[in-house]
Amino acid sequence: MLTIGVCECVDKTMSESLQYSLENLFLTVDFQRILNIVGFLALLAVVCLGLLLAEKSKQINPLKHSLNKLKKSFDQLDEQARLIVKTDLELNKTQEELDKKISALFTLQKISRLLSTTLDEKEIFRRVHQPIVSELGFERCFIIMRDQQKKLSLKISHGYQEAELNKILSFFEHDPFLEKVTKEGALLSSVDASDPNKKRIANTLGVAYFILSPIITQDGIEGALFVGNSPTSSPLTEGEEEMISILATQFGQSLENARLFEQVYSSHHELETKIKERTKELADALEEVKRISKMKSDFVSAVSHELRTPLTSIKGYASILIDEKIGNIPDFVKERLEKINKHSDGLVRLINDLLDIARIESGRIEMKFEAENIKDIVENVADLLSPQIKQKQIELILDIPDSLPKVLIDHSQIERVFINLVGNALKFTPEKGSVAVRGKEANGYIQIDVQDTGIGIPEDAKDKIFSEFYRVDNLINQSLKGSGLGLTLVKYIVEAHQGKIWVESQINKGSIFSFTLPKG
Ligand code: ADP
């Protein structure tokens with residue numbers, strides 16, 4: 001505004017001066033003056049021009065400044081664009097590497113799944129071979145393994161001719177640098193190619209880039225997995241090195257699992273065969289035992305029958321003589337005859353027991369099972385044995401609750417069981433001792449306990465006393481006769497009732513014979 005004002009003023013001044021000069025020119029025609037005026041006018045014009053220029057340059061300077069700034073920004077933008085392009089390239093590369101890694105991980109996962117679903121050693125080699133080539137894309141690969149005789153052999157290979165493979169085997173056998181892998185378990189690769197030996201290995205194995213990873217199992221370093229590529233492909237990376245190392249580890253574990261399975265399977269098979277053999281042996285032995293047992297039963301039955309007839313005659317004649325039916329006999333003869341009678345009774349009992357055992361054993365005895373009250377049987381037996389009880393002043397405790405359910409039994413056989421057990425209790429308990437018969441319900445059965453305060457049974461004899469003719473060597477047995485058949489018969493009878501019998505005993509404190517019977 002100021003400039004425009006000055007210019008307007010200058011213009012105005014100039015036109016006024018010009019008008020004045022012309023007026024004077026026409027009026028005075030003084031040349032000198034005209035010159036002066038012209039000079040003045042020129043000066044005035046120069047001043048005006050200067051002012052004008054100054055004004056313009058004032059306007060140009062900020063423009064110049066802005067221009068510089070723009071240039072600078074443009075340079076910066078250019079720099080940034082270059083940086084973006086560079087970052088983009090790097091990003092692309094990283095993305096590529098990531099993609100490669102992800103696809104390698106997928107392949108690893110796939111191989112891992114493939115390996116974990118087989119326990120066959122040959123199949124493991126086959127399953128690892130194909131993905132290494134087709135999915136991981138290595139141009140050359142092989143797996144070299146050492147067998148139990150320490151001999152190396154190539155299990156799988158790809159990209160090699162037969163002759164090359166033979167060379168590889170001999171190379172592995174003889175190159176000391178490879179011991180790093182095969183003996184020390186280290187991984188060798190061209191990723192860090194600082195060692196010149198690596199170059200030599202790459203050359204010998206016909207590749208430019210390679211990874212050689214040991215295969216380790218519980219038994220140690222068993223072999224190595226090799227992968228390699230030619231110079232036309234890009235160098236192998238640390239990621240690939242890591243992946244091959246994982247693959248080799250996984251491979252080693254799968255081999256180990258397969259072997260463990262093989263071991264378990266073969267020992268299982270062996271065990272099965274042994275069990276079958278033993279079972280057959282046992283079955284044969286059992287058959288033999290059954291055959292011998294039947295022979296024994298048949299023999300015992302036959303002999304017992306043969307013995308019973310003459311014994312009955314002996315007993316009969318002895319009774320006739322004792323009763324003096326065929327004339328008087330002196331007392332000392334009578335005494336002897338009574339002994340004959342007594343021993344004959346013992347023999348008859350023994351023969352009857354033997355016959356019954358043989359019959360039960362061979363299933364020839366016919367049991368008549370009926371629902372009975374145990375209390376009644378026990379009271380009858382107590383009556384029967386009352387002379388011994390009184391004679392030895394034994395306290396007899398009968399504890400059979402009225403509420404005890406009936407039992408399904410053969411009356412006469414179970415009576416024999418009580419006669420034997422209570423009889424033994426009285427026999428092996430010193431005078432003034434006590435004998436108790438108790439009954440209770442237990443686990444769906446009726447349990448009977450016959451307890452005494454007698455001499456007890458040694459630990460090692462507890463099982464034997466149920467065997468035929470077994471008697472513990474003690475003072476009572478030395479003075480009193482017995483057959484050693486009573487408990488055998490008892491056991492047979494209880495078992496024929498689907499029951500069980502067992503004994504608890506302490507020397508000089510007493511014994512408890514317990515047996516079970518089914519509820520009626
Ligand atoms: P026996 O009574 O005719 O000898 P058993 O078969 O009845 O034959 O008994 C076998 C052996 O078991 C007996 O000789 C005895 O040594 C032992 N025995 C049985 N019952 C008792 C008991 N209540 N106390 C101690 N020992 C016993």
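Predicted model: local features only at pLDDT ≥ 70, side-chain atom pairs only at ≥ 80, totals over all residues.
Q: How many helices and strands does the protein have?
A: There are 13 helices and 12 strands; these are DSSP runs numbered from the N terminus, with helices (H or I) of at least four residues and strands (E) of at least two.

Q: Is the protein spread out or compact?
A: The protein is more spread out than a compact globule, because its radius of gyration is 61 Å, well over the 24 Å that the globule rule gives for 520 residues. That radius is taken over C-alpha atoms, and the rule is 2.2 Å times the number of residues to the power 0.38. Along the principal axes, the C-alpha trace spans about 225 × 70 × 40 Å.

Q: What about helix H7, how far does it reach?
A: Helix H7 covers residues 238-322, which is 85 residues, and reaches 117 Å from its first C-alpha to its last. This is close to the expected 126 Å at 1.5 Å a residue, where the expected span is 1.5 Å times one less than the number of residues. After H7 comes Glu324, with a positive phi near 55°.

Q: What share of the residues is buried?
A: Buried residues make up 33% of the 520. Buried means under 20% relative accessible area, exposed over 50%, and partly exposed in between, using a 1.4 Å probe and protein chains only.

Q: Turning to Phe513, where does it lie?
A: Phe513 lies in strand S12, residues 510-518. Its relative accessibility is 8%, so Phe513 counts as buried.

Q: Which residues does Phe513 touch?
A: Not counting residues up to four places away in sequence, its contacts include Leu421, Ile448, Ile465, Leu487 and Trp502; contact means heavy atoms within 4.5 Å. Phe513 and Asp452 are 61 residues apart in sequence, with their C-alpha atoms 8.9 Å apart in space.

Q: And Asn474, is that buried or exposed?
A: Asn474 is buried, at a relative accessible area of 15%. This residue is found in the loop between strand S10 (445-452) and helix H12 (475-479). Leaving aside neighbours within four places in sequence, Asn474 is in contact with Phe428 and Ile455.

Technical notes. Residues numbered from 1 in each chain as written. Heavy atoms only, no water.
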